[in-house]
Amino acid sequence: MVKIISASEAAALIKSGDRLLIGGFLAAGAPETIIDALAASNIRDLHVVCIASDWENKGIGKLVVNHQISSAQVSHMGTNKEIQAQFNKGEISIELIPQGTLMERVRAAGAGLGGILTPTGLGTVVEEGKDVIVVDNQPYLLEKAIHGDFALIKAWKADKLGNLVYRKTARNSNPIMAMAGKIVIAEAEEIVEVGELDPESIVTPGIFVNYLVQSGE
Amino acid sequence: MDKRELISKRIAQELHDGDYVNLGIGLPTEVANHIPEGIHVIFQSENGMLGVGPAPAPGSEDKDLINAGGGFITELPGASYFDSATSFAIIRGGHIDITVLGALQVDQHGNLANWMIPGKLVPGMGGAMDLVTGAKKVIVATEHCDKYGNSKILKQCTLPLTAKGKVNLIVTDMAVLEVASYGLVLKEIAVGLTVEDVVKATDADLVVPEQVGFFGTE
């Protein structure tokens, strides 16, 4: 069953060294309430998987500024000078991953797959150290699944079974990250009773979700 | 006409009615301002939307409605939202008709470098590698030369590639260049220039057909 907890209780579940899959795209749809609780904690040495490192004062950027992240798998960090500075000083290790590949690698983990085959990155530095597999005369890169100890995600509405509905472009990576965390903590703007959400509108079924946090609390 | 307007106006002529289009950040975004009359295209934003509309009026921004550059947008009738994996299935799966992207370098083999300058600029590739790999037609929008006057249209890219051999058309402030199996073809030159001007300003080897058109007339 899904448990409703506070953001600080959510942060207390996470330990230094854990791997976090964090939803959001340039902070739209980022679980800001949980991130704020993490930023207020002493948790360090996090490995973060996310689309972008957002801005210094928004989204994942807040954890970067606090030096709480030691490594990241990310597709874009151009909006965050701090993570680029830490990267150039060798304080944070970064694997840059094409955004579509990143999403499929996380989705693969959640779907019980070992990885995926993609043409993206062939003939570029992304190919280095990876197996090229030929299927029907077409080459593809073998990209391995990415798992998380936790997925931290943000929904618009949740019911008390953990069924989630998103809003506009704040959906982005959240439904994907929700599939691949061993423990999934979803922050929602509104938590409603079971039966109040239209089953046809549910994007993330509650089976993926372990904990709910009320946004802004 | 300034260089950016010249480039974005010419690229807009490549759009067909009904095309699904993804525009990169920066100069490519300006293509949307010059869509020819009678042509309706649907814009995708890779953060999970089809049917992107113009920027909202000040005061009516929605925190949950942004484009891939983080700017506020609006939704047009018929818009749809989807997750990032679906968005990149659309991109990688060959469902986008045209993508327009900027360049640090582009070469005569259709290779594009637009995401990294080692040691200097490491923003990450974001969605660019998937877009260049998967879109049906890849158009590069770039100034012909960098700020030092060096050609950005090269024989061979020296920066890390975004994708290998995927560029179809290059539109600059000087020329329209098509990547063909037999070389980089000079299709059009900007009004006021000569073929020699373009050849002189270009590092890449150009195939110059007997007839070269002009662009940039109003």
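The request and the answer below look at chain B.

User: Please look closely at chain B: how many helices and strands are there in it, and how many residues does it give to the contact with chain A?

Analyst: Start with the ground rules. This is a predicted model, where local features need pLDDT of at least 70, side-chain atom pairs count only at pLDDT 80 or more, and totals for chains, interfaces and linings use all residues. Residues are numbered from 1 along each chain as its sequence is written, while chains are lettered from A and ligands numbered from 1 in the order in which they are written.

Confidence comes next. pLDDT is the predictor's confidence in each residue, from 0 to 100. Chain B has a mean of 96, and 100% of its residues reach 70 or more. For the complex, the predictor gives an ipTM of 0.97 and a pTM of 0.96.

Now the overall build. Chain B holds 4 helices and 14 strands. These are DSSP runs, numbered from the N terminus: helices are H or I with at least four residues, strands are E with at least two. The C-alpha atoms fill a box of roughly 50 × 40 × 30 Å along the principal axes. The radius of gyration of chain B is 17 Å, which agrees with the value near 17 Å for a compact globule of 218 residues. That radius is taken over C-alpha atoms, and the globule rule is 2.2 Å times the number of residues to the power 0.38.

Of the 218 residues, 44% are buried (20 or more other C-beta atoms within 10 Å of a residue's own, with C-beta atoms placed from the backbone).

Next, some strands. β2(B), residues 42–45, and β3(B), residues 49–53, pair in the antiparallel sense over 2 bridges. Two strands pair if DSSP finds at least two bridges between them. Ser45(B) stands opposite Met49(B). This hairpin has 3 residues between its strands, and Gly48(B) takes a positive phi near 120°. β3(B) also pairs with β4(B), residues 74–81, in the antiparallel sense over 4 bridges. There, Leu50(B) stands opposite Ser80(B).

Last, the side that meets chain A. The contact takes 32 residues from chain B and 37 residues from chain A. Two residues are in contact if their C-beta atoms, placed from the backbone, lie within 7 Å. On chain B, the elements giving two or more residues are α2 (84–92) and α3 (128–134). The largest share, 5 residues, comes from α2(B). By class, this side has 14 nonpolar, 10 polar and 8 charged residues. Ala, Val, Leu, Ile, Met, Phe, Trp, Tyr, Cys and Pro count as nonpolar, Asp, Glu, Lys and Arg as charged, and the others, Gly among them, as polar.

Note on methods:
Buried ≥ 20, exposed ≤ 12 C-beta atoms within 10 Å, placed from the backbone.
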